[in-house]
Amino acid sequence: MELLALVITGRPVGGLKRAYRALRKAHEDLKTTKHQLIHSEKMASLSRLVAGVARTAK
């Protein structure tokens with residue numbers, strides 16, 4: 001069997017680079033949001049703890 005032609009299909013490299021940058025940005029945004037959520041949860045837990053201490057101190 002003889003190879004007559006080779007066809008390569010895919011996205012242009014520029015499109016892949018843009019998609020990779022968008023994916024990287026989305027990942028960074030997700031990590032930032034995760035850290036903000038963790039911080040908010042810690043602050044809420046601390047507030048509940050302080051409120052509980054204040055109630056028992058009365």
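The model is predicted, so local features need pLDDT of at least 70 and side-chain atom pairs count only at pLDDT 80 or more, whereas totals for chains, interfaces and linings use all residues. Residues are numbered from 1 along each chain as its sequence is written, and side-chain values use heavy atoms, with hydrogens and water left out.

**The whole chain**

Begin by displaying the protein as a cartoon, which shows one helix and zero strands. Helices (H or I, at least four residues) and strands (E, at least two) are DSSP runs, numbered from the N terminus. Select residues 13-57 to highlight helix H1. Next, switch to a surface view: the protein exposes about 5900 Å², and carbon and sulfur atoms supply 65% of that area. Accessible areas come from the Shrake-Rupley method with a 1.4 Å probe; for residues, only the protein chains shown count as cover. Of the 58 residues, 2% count as buried. Buried means under 20% relative accessible area, exposed over 50%, and partly exposed in between (1.4 Å probe, protein chains only).

**The salt bridges**

The structure holds two salt bridges, each a side-chain nitrogen of Lys or Arg within 4 Å of a carboxyl oxygen of Asp or Glu. Select Lys 25 and Asp 29, whose closest N and O atoms are 3.0 Å apart. These residues are separated by about one helical turn because they stand four residues apart in helix H1. Asp 29 is partly exposed, at 37% relative accessibility.

Now select Lys 31 and Glu 28, which form a salt bridge with closest N and O atoms 3.3 Å apart. Both lie in helix H1, three residues apart. Lys 31 is partly exposed at 34%, as is Glu 28 at 38%.

**The nonpolar patch**

Finally, select Met 43, Leu 46, Leu 49, Val 50 and Val 53, which make a nonpolar surface patch of about 460 Å². Patches are made of residues with over 30% relative accessible area and no salt bridge; like charges are joined within 9 Å, and nonpolar side chains (Val, Leu, Ile, Met, Phe, Trp, Tyr) within 5 Å. Met 43 lies in helix H1 and counts as partly exposed because its relative accessibility is 40%.
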